[in-house]
Amino acid sequence: MDGAGDVDEVDRVDRTDEVRGAAGPLKTPQEPQAPQAPQASNGRPGGRRRAGGRRLAAALLALPVLAAAGLVLGAGQATAAALCPGRLVKTVTFSTGSLQVYKSRAYACAVTVAKKPGARREMKVSLQPRGGRAVVDQGKFTTRAGPVRVHALNRCVRASGSVGGSAGSTGWIGC
């Protein structure tokens with residue numbers, strides 16, 4: 001057993017002398033490695049980047065800026081669009097606000113938005129399909145009245161809205 005221990009020590013010494021070189025610093029031996037597939041900067045094999053992560057990060061960074069811009073530029077329209085599905089078919093403006101009517105394939109939707117949100121005041125929105133009853137949302141609100149929706153597949157609708165003492169209406173549309 002003593003001989004085996006001596007051989008190990010000699011082996012280690014010999015290897016370090018081989019690696020050290022003439023006057024250079026001590027280098028550690030490296031074993032050859034198998035070739036690897038190219039990797040993207042995100043560490044995924046295949047060399048292809050997934051841009052979704054970067055896009056998501058950019059969107060999350062831009063979100064507060066866009067939200068602030070919406071507050072400054074008039075969040076009423078963005079809010080109404082988020083509340084009513086479909087495309088905007090009519091906007092009626094009056095001195096204290098606006099009435100917006102949206103239409104999808106089978107439904108119509110309306111919302112009244114105050115021009116200057118703030119203190120609670122009387123607001124109303126009404127939407128009626130031809131041959132049907134009107135759906136009304138009325139009360140004291142700070143920003144908007146509605147949305148109200150009616151089934152309007154192949155039907156005309158009329159809408160009206162008011163904020164404070166001012167009002168506006170559309171007449172029959174979408175016929």
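**View 1. The disulfide of Cys84 and Cys109.** Cys84 and Cys109 are both buried, a term that stands for under 20% relative accessible area, whereas exposed stands for over 50% and partly exposed for values in between (1.4 Å probe, protein chains only). Their sulfur atoms lie 2.0 Å apart and form a disulfide, which is defined as a pair of cysteine sulfur atoms within 2.5 Å. The pair links distant parts of the chain, with Cys84 in the loop between α3 (75-83) and β1 (87-94) and Cys109 in strand β3, 25 residues apart. Because the torsion about the S-S bond of Cys84 and Cys109 is about -55°, this disulfide is left-handed. The model is predicted, so local features need pLDDT of at least 70 and side-chain atom pairs count only at pLDDT 80 or more, while totals for chains, interfaces and linings use all residues. Residues are numbered from 1 along each chain as its sequence is written, and side-chain values use heavy atoms, leaving out hydrogens and water.

**View 2. The disulfide of Cys156 and Cys175.** In this pair, the sulfur atoms of Cys156 and Cys175 are 1.9 Å apart. Cys156 sits in the loop between β6 (144-151) and β7 (157-163), and Cys175 in the segment after β8 (166-169). Cys156 counts as buried at 10% relative accessibility, whereas Cys175 is exposed, with a relative accessible area of 72%.

**View 3. The loop residue Ala119.** Ala119 is found between β3 (107-114) and β4 (121-129), helices (H or I, at least four residues) and strands (E, at least two) being DSSP runs numbered from the N terminus. With 62% relative accessibility, Ala119 counts as exposed. Leaving aside residues up to four places away in sequence, Ala119 touches Phe141 and Thr142, where contact means heavy atoms within 4.5 Å.
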